[in-house]
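Dear colleague,

Please find below the structure that I am handing over to you. My notes on it follow directly after.

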Amino acid sequence: MISEIYQYLKSDTKLVQLLNHSQSNKKIFDGVPKTYGDTTKLNEDGSFIDFPYIVYDIFPYSVAVHGKIKEYRLKITIVSKRDMLDSISDRLIEMFHMGNQPSFQLNSKTIFHSRLMIGGSILFHEDLDVYEQIMYFHLKVK
């Protein structure tokens, strides 16, 4: 499921544009941001500083009768300067908070329900002058 989420995120033109994500300038990460050996993206402390970017993780939430996972919790962390934070979080809500929308396909998996669980808190990292917002989505898979 982690690769399906990555494909979904990177296929969204608006999100890719907001993040300035490309094959050579990756801004969508599973787990921990990686620099791919590009030391121009590191500060003196060796920290990743190419903002904005998002990090996502997906966890099994419940298992159906035959051991097939039916529900997931998707955690998305946005790290950005303040001016971009709202646009990125709004786009993620448009992508994952389905409301009354019909289901959508992620490769061979059908997401028939997805909603934002938590996502309003914003942290400020004074040392980097950057904000961080964590959003949790609940996904049901068919």
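In these notes, a residue is buried when its relative accessible area is under 20%, exposed when that area is over 50%, and partly exposed in between, with a 1.4 Å probe and protein chains only. By this definition Lys68, at 52% relative accessibility, is exposed. Please note that the model is predicted: local features need pLDDT of at least 70, side-chain atom pairs count only at pLDDT 80 or more, and totals for chains, interfaces and linings use all residues. Residues are numbered from 1 along each chain as its sequence is written, and side-chain values use heavy atoms, with hydrogens and water left out.

Overall arrangement

The protein has three helices and seven strands, where helices (H or I, at least four residues) and strands (E, at least two) are DSSP runs numbered from the N terminus. Their order from the N terminus is α-α-β-β-β-α-β-β-β-β. Of the 142 residues in the protein, 42% are buried. Taking a contact to mean heavy atoms within 4.5 Å, 55% of the contacts between residues at least 6 apart in sequence join residues at least 24 apart.

Nonpolar cores

A nonpolar core is here a set of buried Ala, Val, Leu, Ile, Met, Phe, Trp, Tyr and Cys residues joined through side-chain atoms within 4.5 Å. In soluble globular proteins, nonpolar side chains tend to be buried together. The largest core in this model has 27 residues, and those with the most contacts inside it are Ile5, Leu9, Ile54, Leu74, Leu92 and Phe96. At least two residues of this core come from each of α1 (2–11), α2 (13–19), β2 (53–63), β3 (69–80), α3 and β7 (130–141). Helix α3 gives the largest share of this core, with five residues. Leu9 touches Leu15, Val16, Ile28, Ile54, Tyr56, Leu92, Met95 and Phe96, when residues up to four places away in sequence are not counted. Another core, of six residues, lies apart from the largest one and includes Phe29, Phe51, Val55 and Val130.

Helix α3

How far apart are the end C-alpha atoms of α3? They are 22 Å apart, which agrees with the 21 Å that its 15 residues should span at 1.5 Å a residue; the expected span is 1.5 Å times one less than the number of residues. The buried residues of α3 are Leu85, Ile88, Ser89, Arg91, Leu92, Met95 and Phe96. They cover an arc of only 160° around the axis, which puts them on the same side of α3; the arc is that of the directions from the helix axis to the C-beta atoms. An α-helix has 3.6 residues a turn, so residues three or four places apart point the same way. Ser89 lies in this helix (residues 82–96) and is buried at 5% relative accessibility. Residues up to four places away in sequence aside, Ser89 touches Ile78, Gln133 and Met135.

Aromatic rings

Rings of Phe, Tyr and Trp (its six-membered ring) pair if their centres lie within 6.5 Å; planes under 30 degrees apart count as stacked, over 60 as edge-to-face and the rest as tilted. By this rule there are five aromatic pairs. The pair of Phe51 and Tyr53 is stacked, because the ring centres are 6.0 Å apart and the planes are at 15°. Phe51 and Tyr53 are both buried. The pair of Phe124 and Tyr131 is tilted, because the centres are 4.7 Å apart and the planes are at 45°. Phe124 is partly exposed, with a relative accessible area of 40%, and Tyr131 is partly exposed, with 23%. The charged end of Arg82 sits over the ring of Tyr131, 5.7 Å from its centre; the rule requires NZ of Lys or CZ of Arg within 6 Å of the ring centre and within 35 degrees of the ring normal. Ring pairs also link Tyr8, Phe96 and Phe137 into a cluster.

Lys68 lies in the loop between β2 and β3. Its C-alpha atom is 9.9 Å from that of Lys142, which is 74 residues away along the chain. Leu128 is in the loop between β6 (122–125) and β7 and is partly exposed at 29% relative accessibility. Leu128 and Lys81 are 47 residues apart in sequence, with 9.5 Å between their C-alpha atoms. Finally, Asn20, in the loop between α2 and β1 (28–30), has a positive phi of about 60° although it is not a glycine.

With kind regards
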